Amino acid sequence: MAEQQVKGGVGAAIPHDSAHLHVSGEAIYTDDIPEVRGTLYAAIGVSERAHARITSIDLTKVRAAPGVMAVITAKDIPGRNDYGPVVADDPIFATALVQYFGQSIFAVAARTMEQARRAARLAVIEYEDLKANLTAEAALKDQSFVLPTEKLVRGNSKEAIARAPHRLKGKLKIGGQDQFYLEGMIAYALPKEDGTMLVYSSTQHPGEVQHQVAHALDVSAKDVVVECRRMGGGFGGKESQPGLFACVAALLARKTGTAVKLRVDRDDDMITTGKRHDFVTDYEVGFDDEGRILGIEFTLASRCGYSADLSGSINDRALFHSDNCYFLENVRITSYRCKTNTVSNTAFRGFGGPQGMMGIEYVVDEIARHLGKDPLDVRRLNFYGTNERNLTHYQQTIVDNVIHDIVAQLEKSSDYRARREEIRVFNAKSPILKRGIALTPVKFGISFTATHLNQAGCLLHVYTDGTLMLNHGGTEMGQGLFIKVAQVVAEELQIDIDRIRITASDTSKVPNASATAASSGADINGKAAQAAARAIKERLTAFAAEHFKVAPEKVVFRNNHVQAGDKTISFDELVKLAYFARVSLSATGFYRTPKIGYDRKTWSGNPFYYFCYGAAVAEVIIDTLTGENRVLRVDILHDVGRSLNPAIDMGQIEGGFIQGMGWLTTEHLWWNDKGKLMTHAPSTYKIPVASDLPPVFNVDIYQSGINAEDSIFRSKAVGEPPLMLAISVFHAIRDAVAGVAEYKASPRLDAPATAEEILLAIEELKARAARLVAQAKGRGELVA
């Protein structure tokens, strides 16, 4: 008879801890918190110019508007007029200069939300327009950057390319993406006694918001508490930028002496907050007759916006991930961090990694089409090895490479080869509809590239009835972090998970916590919780050994009970005995990721603790007359190590893929020539919906997965890596477009591959193919 297990331990596929609250509407988000009497509502007045000097500002009508109780500008900030997360270049309120359309200039508090929003539109502001750079190309031309240019060089790429039997060069434009979290930006600030402030913020980084608010109010961190029980989505968009809204709410709360809520509507949210960085990637590559890359050079130019925000680390990660799964012996990568007069772009799931990987995948696909080979064969030829060809371009040795096995399994289970041939037969007979297929891999490094952020803390209480309260520095945005960390505690103490109460992220409980980002949430907070649980377990073990007169190794925790020699008592009973013996039943836990660190001057070292791997096969169909497309089938095999919770991990794999699919197909951000974002609502900005799911969607977790490093129960991160699996959809669309010219030329397709982009690629391909035919005829060559 199998030994009975605790309920909800590690490896159990249990639901999200708030799932029942989500579906019943009982989950409390920031806007659902009961408001204190007299709460005021805030709105922000913003710039209507992309780049201009403010020559005059008249807020008379704003102050006189119905219900208005307070209006503030930069002059009303007692502390620092800045909320920049890294560099002090993000003013809470612009003063003499505005640098993007939608930049905050003033704020108003009124008795109702509608009154505040109406009043904010009554300002009379005069501008002197200045030249506005709206694209990375324009900024590059003017040498306008938010941060210094970085270069990574290994080997001699120029010489390797020059000597290569084949050479290609080209350009790829990669679009940005709005996080489009369901819950918009919101902060609720409540003044407390003695000049202190409580702020409820929808944020992935409560500790940073705490410091931003404290700096704005000119108080110490101890005087500000930031709490977040859950977010209605974050995706990186709530890592650095919630500070603006929290600071504005807190400043108005300080001025009025009453609670202030600032909730931004969807249009304003999209206009005033940063997106995924769009990139322009130029490449030149040399390769042999089989398709092996001999030398490669990349130029990565990203649109960072008007300020640095997190662009340094984001572009660093793009640089690190320009290899994806491929060994690059001779490589030069130049990374430009372009300053533009657009909103400051910020974190988004993948954090620069997807853009870096898009570049190399495009190159590998181009090589295959140039040589007339199956792109999968060229990909496999260039894969990192396991014992050789296993050193990255930043000098980290790969010790956990499973991409060969994953791709082999997926190639077989998806019937890739037979389907590819069948698709070519279909396309030869179908003049209008064309199908395409692609298999692309993923290798994604796990850790913050800013090494100091790889730390976490936890606070764990055990009450005398045997129940627990768990708090840690991670935040919950729907991804299932809280339930995973609770499962770790349940496993360590061998108790059912329903004994554990999960509590809100709170800067007064766990200080100095890093953002929940970089897919590291379960890794670092799980380890911190494990440390706290083990500290309590060690105390209880020592007490039980002494109390029952047995050796400590004879004390075993199992299935809500504790066995001490021949004596077995319930966990509850042991806790009560320990309490009366004055044993501490509360503990903190701390964790710092080991074996990481690198030299940014030489771009060498170990920025990542380990890597996650996966692969996807996507099949699409396009209409060559309209550019419309559908994803017909997707097969995924993804590595999560030893899963902490397979149900949660499966949801992350599926959701990440679909979000990536949106980035590369439908989510088109468009600014007009005045620098105003015109796609600022679901009517014009198209995220995937339920009907966009592939009719055949086969998703599997790699069963042989195990983390080579000592991660939490040998699991692997799952938040970001699955998004890059959607690169397969982009290349399946390219494959379908290539069918228009019978695969004799490679399509020029930028991302996102909207219907318009697909049509443009088809027309360009037809024209180029016609030129090739004419040239062949001119040379007297036989043309079929």
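1. Glutamate 411 is buried, with a relative accessible area of 16%. The model is predicted. Glutamate 411 pairs with arginine 417 in a salt bridge, 2.7 Å from N to O. Arginine 417 is partly exposed, at 30% relative accessible area.

2. A second pair links distant parts of the chain. Glutamate 492 sits in helix 14, and arginine 534 in helix 15 (residues 521–548), 42 residues apart. Their closest N and O atoms are 3.1 Å apart, in a salt bridge. Glutamate 492 is buried at 7%, while arginine 534 is partly exposed at 41%.

3. Glutamate 159 is partly exposed (35%); arginine 163 is exposed (66%).

4. The structure holds 50 salt bridges. A network of them links Glu361, Asp365, Glu366, Arg369, Arg379, Arg424, Arg734, Asp735 and Arg748.

5. Look next at glutamate 476, in the loop between strand 18 (468–472) and helix 14 (481–493). Glutamate 476 counts as buried because its relative accessibility is 1%. Its contacts include His16, Asp17, Arg229 and Phe482. A polar atom of its side chain lies 3.1 Å from the backbone nitrogen of leucine 481. Glutamine 204 is 272 residues away along the chain, yet the two C-alpha atoms are separated by 7.9 Å.

6. Leucine 433 belongs to strand 16 (residues 433–446). At 35% relative accessibility, leucine 433 is partly exposed.

Key:
Residues are numbered from 1 along each chain as its sequence is written. This is a predicted model: local features need pLDDT of at least 70, side-chain atom pairs count only at pLDDT 80 or more; totals for chains, interfaces and linings use all residues. Side-chain values use heavy atoms; hydrogens and water are left out. Helices (H or I, at least four residues) and strands (E, at least two) are DSSP runs, numbered from the N terminus. Buried means under 20% relative accessible area, exposed over 50%, partly exposed in between (1.4 Å probe, protein chains only). Contact means heavy atoms within 4.5 Å. A polar contact is a pair of N or O atoms within 3.5 Å; within protein, one must be able to donate a hydrogen and the other to accept it, and residues adjacent in sequence count only if both atoms are side-chain atoms. A salt bridge is a side-chain nitrogen of Lys or Arg within 4 Å of a carboxyl oxygen of Asp or Glu. Lists of a residue's contacts leave out its neighbours within four places in sequence.
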